[in-house]
Structure formats: C-alpha cells, structure tokens
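Please keep the sequence and the 3D view at hand while reading.

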There are 2 protein chains.
Amino acid sequence: MLSQVAEGENQVHFRMHQFLARENEKPDAMLYVQEGWACRYRLLSDGRRQITALYLPGDYCDPQWALGGVSSQPVVAITNVRALRLPCRIPSHAGFDGRHGFWQALSGTIERQANWLVTLGRKTALERVAHLLLELFERMRQAGLAYGQQCAMPLTQMEIADMTGLTPVHVNRTLQSMRARGLVELQSKWLRIPELPALREVAALTGHDMAG
Amino acid sequence: MLSQVAEGENQVHFRMHQFLARENEKPDAMLYVQEGWACRYRLLSDGRRQITALYLPGDYCDPQWALGGVSSQPVVAITNVRALRLPCRIPSHAGFDGRHGFWQALSGTIERQANWLVTLGRKTALERVAHLLLELFERMRQAGLAYGQQCAMPLTQMEIADMTGLTPVHVNRTLQSMRARGLVELQSKWLRIPELPALREVAALTGHDMAG
DNA sequence: CGTCCCCTTGACCTGCTTCAAATTCCGTGG
DNA sequence: CCACGGAATTTGAAGCAGGTCAAGGGGACG
C-alpha cells in the first residue's frame, strides 16, 4: 500500500530523545513508523509526566493530525526511529470501510486510548503493568516483530511508570513480583511471556481491550 | 446544518438509565444529542466501573461509530435524553478542514480523551474533580447552556467517582473541601463557579486541556 | 409515612509514594 | 582489555492520599 511512494526520498530518521513533533506545532506530514519506538506525552508544570500514546513499527504518527488540528502534545523518539513522511491528508482513496489502513489505525488509536482510561482510572499497579506488557506484545506480534513468545521491549522502568501512572520505584517492585510469579521474563530490553492467558487474567481485561 | 433533516421524524427519546447503545452492537445511526446527558463506560468483572466519555447537548454520540467499527462500550442515559438520528456515515460534504461539525467533534473527542489520560494517570483527587467540573462548565457554555457562572450538573457523586477514578466517599470529601475553599458551589444539580481562574489553577491544566 | 437513593461523617486500613542509598548496567575513552 | 561515569535498576524504611467499612441523615416519591 505504501509502495506507491518513493521510499528513499521520503524516509526520515530520528535519534533517541529527538522530537518527532513539538507542542503547538502544526505537523506538515504524518509519519509512518518503519522501525523504532516513539511516544506522545504531556508534562505538568511540576514535572509530573504522562505518556498518552506509543508509536510502534507499522503505526501512523499521528492519525489525528489528518483531522486538521495542531499537535497539542509533543512526540519524542524512545529509540532511534526510521519513518516515512506521508501527506497529512485523509487518504480518501482508502474508502470509509474502517477495516483497512488509515481508518483502521485511527479507530484503533481511539479504542486503545479508551482502554487506557479504564486502566488508569480503575486498575491496580499489577493490572496496569500487565496491560501494558500485553499490549506491547500483541502490537509487536501484529507488526510481525514477535518471535515465538518474545519481542523487543526498549522501555525503561521510568517510561513504564509514565505510561502506567505509577512511580519508577513501584514499577520496579511490581515487575519483581511478576517475575517471581513467572508471569513475565524481562531483561536487557527483551520481553518474554511464558503464558499469555495467565497474563491476560492478571491484566483484568474485558475482551475488548485488544486483539488476539 | 442539521435543518436539512426532517427533525420530527428522526427524533428519538431515551429515559434515564436507558441504553443508547449496547456492548458489541453495531449502531445503525449516530445520535446528535439535543437535550440531556449520557455516558459511555466499561465495567470490570468485579464491578469496578470507569466512565470513558460524556455526551452533552450538541455532542455526537459517537463520532467513532462513523469509522465503521462496533461500539465496544455501552452508552447509557444519565438523564432523559432527546436526540436526532443521523446516518452513520462520514459526512464528506463537510470537507476535511477540521474546524467544523463532524470532524471538529471527532477531533475534540480524541483530544478530551487524551487529557483525561493525563488526569487519571497523574493528578490528585482535587485536581481530578476540578478538571471534571471545569470541563462540564466549558462544554455547557459552548452549547449555550450556561447562565452567567452556572450551569446544570445532573451527575451524582457516584457518577463523578466513576468518571474521575475515585470512590464516592472520597469524591464527597473532595467536594466538601472545594466548597469550603470557595472554589465551587454545587447543590441540587446546579453548578456555580465563582472564579474560573482559581478553579483552573487548582485543576493543574496545561493550556491545552480545553477551550476557553 | 415508609422506602429508596443519595449524601454525609467517622474510624481504620493499605497500596502506593517518597526519600535515600546501594548496586548493576553499559557506553566511552584510555 | 580495563577504568571510568552516568544512567538505570534495586532495596529499605517511613509516610500519606485515598480506599474500605459502617452507620446515620435527608429528600423525593408513591
């Protein structure tokens, strides 16, 4: 679907911690992430930070930009990122069927956001971290980047904390407990999930929370 | 903009606590809320509930339905509701400018959802309740339903709790404290905000969190 | 005038935070 | 190859914001 574009000419690279978009900026193009991870976040005046979206390979950054507004939240690279610049218009050729490409992506983004409202509002630390790790694994798997029961997981515990609304210290203790219970293996930026169903159980998902 | 429709024929009514949409249902039409409040929510297996969206007069319920998926969360009437049924298609005639009508609504919904991620993930009880009351007032004002510094506020403390991720008991104590500090007046389903700037300060907003 | 919500208050409890300090990891340069 | 420095992870101890449990009060409505 993207092969129509001359990839070489529109490919862009970002280094870790570099901005893909800044606050209040009207982005001139969407980015189709080919490699690497990025995140959108908001910073409160006293330093509290909440990550509001993750961009993984195969994701559009950000579908919402095509709806015409400015980007009200900065987007920063978590790892080095390789991406394609796409015109920031709604790809009308894709039709409105909602099952493919851009519309699928937009719809998925909204759905995931709604699921995180539930997790941040009502779930315990254990359930939050389980939700995050499950979502990451499922998204990586759908992108063809999972190998058996494992996938790359470049997030630091600090970043996990900013995603789950916890402190880094408590994320650490929660991960310890999950390792002790055999729910996950997580070391040197790789995640392995021995038993998906067990982790799903712990995450208190509802059946709508993600594909798989 | 909606006058093209024969209003009488497409008008529908819902009573308090009646469902506007059920889980897993593919809605046959969007609803343009003319009067009354509704909310979307998710229920966990042990009874925990999180409200993920509020629908006020002038809102579409729900823009996301036009993107083609099923409604993965139920929508229920908080008060009696009067609404117009609209075809569940993307109103292409509206153009993609993102400043009017449907696209504006979709974009606003996503933006509000992202703001609530920050609030649920990182803010204190006081900041959460302040955010909610401010958002309600601003949205009612934009709908032309605020009178001076006040507007209707039909939510029970239980519903405020399910929106802010708190317990009803703690919502009560938080409201007491806000009343004592003169931040809000809230009684018999009416909300009055003596000083908007003071409440904004307390809500720890960032300048992107809402119009006004 | 009784019943059902909703709101209110009190006492106690706990999951998570805070603060502080070690320890391990890892990229870089000698 | 090893020494070094900064970041990330880990551990401990103490505190607190908000949760839990339980009981009482008030207003709308039949």
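Helices, of at least four residues, and strands, of at least two, are DSSP runs numbered from the N terminus. The model described here is predicted.

With those names, the surface near DNA strand D can be described. At least two residues of it come from each of α4 (157-164) and α5 (168-180) of chain A and α5 (168-180) of chain B. The largest share, five residues, is supplied by α5(A). In total, 16 residues surround DNA strand D, and the closest are A:Q157, A:N172, A:R173, B:A125 and B:T167. Of the atoms of DNA strand D that come within 4 Å of the protein, 69% belong to sugar and phosphate.

A:R173 has a polar side-chain atom 2.9 Å from a base nitrogen of DNA strand D. For B:A125 a backbone N or O atom is involved, 2.8 Å from a phosphate oxygen of DNA strand D.

The largest nonpolar core has 80 residues, and A:L54 and B:L54 have the most contacts inside it. A second, separate core holds 50 residues, among them A:A21, A:L106, A:I110 and B:Y60. Beyond its neighbours within four places in sequence, B:L54 is in contact with residues including B:A38, B:I78, B:L132, B:L155 and B:M163.

The aromatic residues can be taken next. Over all chains, nine aromatic pairs are found. In one of them, the ring centres of A:Y60 and A:F102 are 6.2 Å apart and the planes stand at 80°, so the pair is edge-to-face. Because A:Y60 lies in strand β6 (residues 60-61) of chain A and A:F102 in helix α2 (residues 101-122) of chain A, the pair ties together parts that are 42 residues apart in sequence. Both A:Y60 and A:F102 are buried.

In chain B, the rings of B:Y60 and B:F102 also have centres 6.2 Å apart and planes at 80°, so this pair is edge-to-face. B:Y60 counts as buried because its relative accessible area is 11%, and B:F102 is buried at 3%. These four residues belong to one aromatic cluster that also includes A:Y32, A:W103, B:Y32 and B:W103.

A:R49 lies over the face of A:Y41, 4.9 Å from the ring centre. In chain B, the charged end of B:R49 sits over the ring of B:Y41, 4.9 Å from its centre.

Key:
Residues numbered from 1 in each chain as written. Chains lettered and ligands numbered in written order. Predicted model: local features only at pLDDT ≥ 70, side-chain atom pairs only at ≥ 80, totals over all residues. Heavy atoms only, no water. Core = buried A, V, L, I, M, F, W, Y, C linked by side-chain atoms within 4.5 Å. Buried < 20%, exposed > 50% of the residue type's maximum accessible area, 1.4 Å probe, protein only. Contact = heavy atoms within 4.5 Å. Phe/Tyr/Trp six-rings, centres within 6.5 Å; stacked < 30°, edge-to-face > 60°. Lys NZ or Arg CZ within 6 Å of the ring centre and 35° of its normal. Near = heavy atom within 4 Å. Polar contact = N/O pair within 3.5 Å; in protein donor to acceptor, adjacent residues only side chain to side chain.
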